[in-house]
Amino acid sequence: MLKIDNLKVNIDNKEILKGLDLEINPGEVHVLMGQNGAGKSTLVKTLSDHYDCEVIDGKIVYKDKDLMELDVSERAKEGIFLSFQNPVEVPGVNNSYFLKTAVNEKRKHDGLEELDAMDFLKLTKEELGKFDIDRKLLQRDLNDGFSGGEKKRNELMQLLLLKPDLIMLDEIDSGLDVDAVKTVANVVNDLLKDKSKSLLMITHYDKLLSAIKPDFVHIMHNGKIVKTGDYNLALELDAKGYEAIGIKDEVN
Ligand code: ADP
Ligand code: MG
Ligand code: MG
């Protein structure tokens with residue numbers, strides 16, 4: 001599904017990713033860990049074509065296409081989804097309108113009929129109802145004045161309605177209470193029942209990891225993946241810390 005070779009990315013003319021390799025196959029769950037500033041967010045932002053990130057070198061192939069040839073909206077339509085560490089507030093844009101537009105853009109791309117307002121309402125009831133996610137957020141402006149938890153729940157709504165193929169979650173569990181983390185895990189595990197979908201998840205916490213069993217755990221350091229293992233690597237890290245597995249503090 002995704003193959004990254006020797007990826008180098010600058011932000012503000014500073015090299016942040018320094019030759020990163022990563023391969024994700026359909027159905028796989030990958031977790032990125034690493035100290036603050038390692039470049040985790042930069043990687044997922046680059047994959048979603050965030051304007052901060054300037055690709056300097058390397059190759060990214062997604063579903064047999066050169067990802068660099070696809071702009072941000074084409075990537076979304078091809079099923080790439082990023083839940084940002086800090087979702088942006090967009091006052092003046094109604095959340096329901098925004099989501100319906102996004103859903104219909106994707107449906108058009110997939111050769112499906114567009115949903116009208118009634119069909120969309122029905123879809124939100126079906127999908128969000130399964131997970132007891134409050135649909136009231138749909139009536140407000142996108143993330144405008146949302147609490148941290150509401151922003152994360154809103155990201156889950158987008159996931160459930162868009163059903164992306166490559167799901168990327170950047171610290172979706174930070175600042176969430178136990179029940180909310182459970183809801184995140186339930187939503188993601190439900191989506192992952194479809195074995196054509198893959199997950200790339202950034203987290204520091206075992207609570208989410210133990211609920212969404214990863215196939216691979218990667219440790220990022222100084223712009224590269226320096227260690228890859230299975231769930232046990234995350235447990236080891238949790239128990240002993242970075243230095244014990246041979247990783248020294250970031251030099252920024
Ligand atoms: P992580 O998610 O692993 O904590 P990031 O990818 O957010 O790390 O950041 C990697 C490095 O890039 C850090 O040194 C950070 O300061 C720098 N960086 C990130 N975003 C910007 C930006 N918009 N402008 C300048 N530097 C940035
Ligand atoms: Mg960070
Ligand atoms: Mg980050």
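Six strands make up an open sheet, ordered β6-β9-β10-β3-β11-β12, with mixed pairing. The edges belong to β6 (80-83) and β12 (224-229). Each has a single partner strand, so one side of each is left without a neighbour in the sheet. From one strand to the next, the twist averages 20 degrees. The model is predicted.

Strands of a sheet pair through backbone hydrogen bonds, parallel or antiparallel. Take one pair here. Strand β9 (residues 166-170) and strand β10 (residues 198-202) run in the parallel sense, joined over five bridges. Within that pairing, M168 has L200 of β10 as its bridge partner.

α1 lies across β3 (29-33), β6, β9, β10 and β11 (216-221). Its direction makes an angle of about 145 degrees with β9.

The shell holds 13 residues, of which G37, A38, K40, S41 and T42 come nearest. By class, seven are polar, three are nonpolar and three are charged.

Step back to the whole protein. It has eight helices and 12 strands. Its radius of gyration is 18 Å, close to the 18 Å that the globule rule gives for 252 residues, so the protein is as compact as a globular protein of that length. The C-alpha trace spans about 55 × 40 × 35 Å along the principal axes. Of the 252 residues, 35% count as buried.

How values were computed: Residues numbered from 1 in each chain as written. Chains lettered and ligands numbered in written order. Predicted model: local features only at pLDDT ≥ 70, side-chain atom pairs only at ≥ 80, totals over all residues. Helix = DSSP H or I, 4+ residues; strand = E, 2+ residues; numbered from the N terminus. Rg over C-alpha atoms; globule rule 2.2 N^0.38 Å. Buried ≥ 20, exposed ≤ 12 C-beta atoms within 10 Å, placed from the backbone. Near = placed C-beta within 6 Å. Nonpolar A, V, L, I, M, F, W, Y, C, P; charged D, E, K, R; others polar. Pairing = 2+ DSSP bridges. Axes fitted to C-alpha atoms, helices over the stretch in contact; angles between N-to-C directions. Contact = placed C-beta atoms within 7 Å.
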